[in-house]
Amino acid sequence: MQLVVGRIGRAHGIKGEVSVEVRTDEPESRLAPGAVLATDPASTGPLTIATGRVHSGRLMLRFEGVNDRNGAEALRNTLLIAEVDPDEAPEDPEEFYDHQLVDLDVVTRDGREVGRISEISHLPYQDLLVVRRPDGGEVLIPFVAEIVPEIDLEGQRAVIDPPPGLLDEPEAVSDADSVPDRDSAADTNGS
């Protein structure tokens, strides 16, 4: 099975190095020198990692055959894809691969059906579960322990404890509700 493990960002310097947005909890093994990665778009790969280092908190990689800034810039926004055994699981029992979460049913602690996970959105500061609701709509659920306290892979469900307003549609405020009537406005002005 293939997993997206990173996205190539900007070129760094003039020798073909690029910044990489890491999308794996195991970058030391998946993004190590010598690793051969498929790409999306496929026409840019496969890419073999020549060197890697951390600079100012960001992962910097250089790929074999990419030796200048122009070659590095041509790779920008390319997804890096690793081949992974489908039965493999992260070492930490509190971590999950995207493919383990997609298609799980989502329910609240009290058993109310919310929908089904359609994808995982990896943002710079937090991951979001994209949940397709039974009515066809979507809801984004922050993938943090306070809101998603339980992932039950055997039961094929994710249990959530949503804060107020996360699942409910906000009530629309009508124009009549937002503008005070003239009589009450006159009373507050002392007329």
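Two residues are in contact when heavy atoms lie within 4.5 Å of each other. In this predicted model, 48% of the contacts between residues at least 6 apart in sequence join residues at least 24 apart. The chain comprises 5 helices and 12 strands, and 34% of its 191 residues count as buried. Its accessible surface comes to about 11,900 Å², of which 47% belongs to carbon and sulfur atoms.

Leaving aside residues up to four places away in sequence, Val139 touches Val114, Leu129, Val130, Val131, Arg133, Leu166 and Leu167. The C-alpha atoms of Val139 and Leu129 are separated by 8.2 Å.

Charged pairs come next. Side chains of opposite charge can pair when their charged atoms come close. The structure holds 8 salt bridges. In one of them, the side chains of Arg116 and Asp105 meet at 2.8 Å, N to O; Arg116 belongs to strand β8 and Asp105 to strand β7, 11 residues apart.

Arg109 forms a salt bridge with Asp161, with the closest N and O atoms 3.5 Å apart. Because Arg109 lies in the loop between β7 and β8 and Asp161 in the loop between β12 and α4, this pair ties together parts 52 residues apart in sequence. Arg109 is exposed at 56%, whereas Asp161 is partly exposed at 36% relative accessibility.

Arg132 forms a salt bridge with Glu138, the closest N and O atoms being 3.2 Å apart. Elsewhere, salt bridges with shared partners join Glu150, Asp152 and Arg157 into one network.

Key:
Residues numbered from 1 in each chain as written. Predicted model: local features only at pLDDT ≥ 70, side-chain atom pairs only at ≥ 80, totals over all residues. Heavy atoms only, no water. Helix = DSSP H or I, 4+ residues; strand = E, 2+ residues; numbered from the N terminus. Buried < 20%, exposed > 50% of the residue type's maximum accessible area, 1.4 Å probe, protein only. Areas by Shrake-Rupley, 256 points an atom, 1.4 Å probe, with all protein chains shown as cover. Salt bridge = Lys/Arg side-chain N within 4 Å of Asp/Glu carboxyl O.
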